[in-house]
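Student: I would like to learn how to read a protein model, one feature after another.
Tutor: Then look at the model first, and ask as you go.

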Amino acid sequence: MYVDTSHITRGGKTYTRHLLRESYRANGKVLHRTIANLSQCSAAEIEAIRLALRHKQDLENLGTVQDAVTLKQGVSFGAVWTVYHVARRLGIDKALGTTREGKLALWQVMARVIDQGSRLSAVRLAMSHAACDVLGLDTFDEDALYENLDWLAGAQALVEDRLFAQRTKAKPSNLFLYDVTSSYLEGTQNELAAFGYNRDGKKGKMQIVIGLLCDEDGQPVSIEVFPGNTQDPHTVAAQVEKLKGRFGVTAITFVGDRGMLKSQQVEDLAQHGFHYITAITKPQIDKLLRTGTLQMDLFDQELAEVLTDEGIRYVLRRNPVRAQEVRDTRHAKLATLQAQVAKHNQYLADHPRAHVPGALQKLVARAKTLRLSDWVELTVEERTITLTVKTSAQQEAAKLDGCYVLKTDLTPAQAPKELVHDRYKDLASVEQAFRSCKTVHLEVRPIFLRREARTRAHALVVMLAYQIIRSLASCWSAFDVTVEEGLHALTTLCLVEVAPKNAPSYSCLPTPHDAIARLLHSADIKLPKVFALSGTRVSTKKKLQSERHVQ
């Protein structure tokens with residue numbers, strides 16, 4: 001017996017009919033007969049009949065099970081559980097400690113991974129996620145998180161030291177990558193805010209300077225915030241003292257870019273017995289070519305090196321891809337200037353009273369802006385402006401396209417030229433960390449903070465969150481999914497509150513669908529079958545006040 005449903009469209013209208021039918025066999029054929037017309041029944045009644053037919057063997061238990069158990073969707077669990085266990089795997093929970101302040105700091109890190117925002121948004125996130133239950137926290141509000149930043153700023157050195165000790169226990173590290181960036185501020189009241197060289201291109205915005213120290217694998221080791229007007233080289237001394245004093249590293253090779261390690265910083269490193277790898281600027285390369293220390297034909301080799309009498313090594317290479325990019329850019333700039341010259345000449349021809357020196361002045365300024373003035377000459381003959389390319393000067397400007405020179409005091413026995421080159425290229429991992437922290441996922445901005453200590457602690461939270469992001473990205477690299485998309489999928493995995501009649505309620509997890517199961521398996525995360533909720537309730541301070549008023 002079954003319910004047969006069909007739809008018939010006539011005259012632009014659709015009619016639906018439901019028949020209760022059964023199948024029977026007569027003369028070796030399967031036939032059907034209608035028992036009742038159910039078309040007048042409601043959709044709920046039709047589904048009830050279908051359900052009764054499917055469970056006709058145990059119809060007595062059908063109603064009692066539904067009446068005895070109530071199922072209700074609970075708080076989000078998947079993302080919090082995953083991020084928490086990755087943090088434990090990285091040792092972040094041990095570094096922060098098991099006190100209430102340590103757990104609050106861990107939640108700030110986890111909240112930054114799951115959903116970026118202010119301390120207030122972190123509290124709201126805890127309201128819809130099983131944060132307190134997973135971490136074993138009691139209730140808190142946004143004020144508690146702001147105060148926790150004060151604690152975290154005081155404990156930053158200890159936290160970083162613990163993480164460094166855990167990481168170097170199995171694999172000692174003696175090579176470190178360092179770079180700095182800036183982050184602009186929307187307000188003006190931050191105690192570290194100052195005007196300086198703004199890498200974000202935000203004119204008129206105050207900023208802070210952030211220095212990130214990583215090991216040779218690109219794993220962040222320490223982060224430090226400086227006033228916004230601090231020059232890059234002036235941040236190096238603090239890192240040297242940190243490595244030698246706090247981390248106790250004796251044999252160190254410091255890797256920094258050409259704007260970071262200048263003569264004074266190199267001398268400071270030498271005084272501490274440290275080595276360095278850096279790059280030199282184009283004017284410095286020109287000087288070495290003029291003095292004969294370097295020769296242009298060395299750039300024709302795949303990778304060349306020169307050892308000076310002072311013990312300094314230069315590693316040379318020409319990147320053909322970068323050389324082509326520079327040439328294409330130069331030609332595009334020249335085409336732009338030529339188009340501007342043609343435009344002005346047409347205007348001068350159409351307007352006999354137009355001022356020729358004024359047009360020439362604009363074009364000369366444009367050539368300087370495009371950085372073409374060294375090999376381009378603009379002249380006026382009668383009322384026509386002529387652009388002339390000085391071929392020899394152009395060739396001189398192009399001779400170092402794609403060329404770069406690395407400088408180090410490591411001997412060939414300590415580090416072959418290939419290793420020196422590869423270690424300098426590893427600075428790209430620090431740049432990747434900055435991109436993730438500033439724009440891609442973690443978004444260190446906007447900084448909703450004013451006090452110096454809290455700003456420093458905020459940067460530490462972002463660094464610890466990046467370590468988790470980096471680990472998840474490695475786990476999910478085989479999937480066509482970003483970390484942000486993976487975490488968003490995990491937030492849909494919620495607890496189910498099961499409330500049996502006349503029995504205590506409990507929470508359990510449904511079986512995740514295939515996509516979430518693959519993410520969990522790749523990250524080596526095992527879900528509990530049953531999870532006990534602590535019943536801790538988190539609310540923002542404003543909401544708590546309104547509730548007290550109602551009570």
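Student: In which sense do strand β1 and β2 pair, and over how many bridges?
Tutor: The model is predicted, so local features need pLDDT of at least 70 and side-chain atom pairs count only at pLDDT 80 or more, while totals for chains, interfaces and linings use all residues. Residues are numbered from 1 along each chain as its sequence is written, and side-chain values use heavy atoms, with hydrogens and water left out. Helices (H or I, at least four residues) and strands (E, at least two) are DSSP runs, numbered from the N terminus. Two strands pair if DSSP finds at least two bridges between them. Here β1, residues 2–10, pairs with β2 in the antiparallel sense over 9 bridges. Tyr 2 stands opposite Arg 21 in β2.

Student: How many residues lie between β1 and β2 in their hairpin?
Tutor: There are 2 residues between them, and Gly 11 in the turn has a positive phi of about 60°.

Student: Is Ser 6 buried or exposed?
Tutor: Buried means under 20% relative accessible area, exposed means over 50%, and partly exposed lies in between (1.4 Å probe, protein chains only). Ser 6, which is found in strand β1, has 19% relative accessibility and therefore counts as buried.

Student: Which residues does Ser 6 touch?
Tutor: A contact means heavy atoms within 4.5 Å. Leaving aside residues up to four places away in sequence, Ser 6 touches Tyr 15, Thr 16 and Arg 17. By contrast, the C-alpha atoms of Ser 6 and Lys 417 are separated by 78 Å, and these two are 411 residues apart along the chain.

Student: Which residues have a positive phi without being a glycine?
Tutor: Asn 27 is one of them, with a phi of about 55°. Asn 27 sits in the loop between β2 (13–26) and β3 (29–37), and at 82% relative accessibility it counts as exposed. Glu 382 is another, with a positive phi of about 60°. The loop between β12 and β13 holds Glu 382, which counts as exposed at 76% relative accessibility.

Student: How do I check the length of a helix, say α13?
Tutor: The expected span of a helix is 1.5 Å times one less than its number of residues. Helix α13 (residues 356–369) has 14 residues and reaches 20 Å from its first C-alpha to its last, close to the 20 Å expected. For α17 (residues 452–475), the 24 residues should span 34 Å, and the end C-alpha atoms are 35 Å apart, which agrees.

Student: Which residues of α13 are buried?
Tutor: An α-helix has 3.6 residues a turn, so residues three or four places apart point the same way. In α13 the buried residues are Val 356, Ala 359, Leu 363 and Ala 367. Seen down the axis of α13, they fall within an arc of 80°, so they line one face of the helix. That arc is taken from the directions from the helix axis to the C-beta atoms. On the other side of α13, Gln 361, Lys 362, Lys 368 and Thr 369 are exposed.

Student: What covers the buried residues of α13?
Tutor: The cover includes α12 (320–350), β12 (376–381) and β13 (384–389). As for α17, this helix is mostly covered, with 17 of its 24 residues buried.

Student: What is the strand order in the open sheet of 4 strands?
Tutor: The order is β4-β15-β16-β17, with antiparallel pairing. β4 (69–76) and β17 (530–531) stand at the edges, each with a single partner strand, so one side of each is left without a neighbour in the sheet. Within this sheet, 3 bridges join β15 (residues 494–500) to β16 (residues 506–508). Val 498 has Tyr 506 in β16 as its bridge partner.

Student: How many disulfides does the structure hold?
Tutor: A disulfide is a pair of cysteine sulfur atoms within 2.5 Å. The structure holds 0 disulfides. For Cys 508, the nearest cysteine sulfur is that of Cys 494, 12 Å away.

Student: How many helices and strands does the protein chain have?
Tutor: The secondary structure comes to 20 helices and 17 strands. Of the 551 residues of the protein chain, 43% count as buried.
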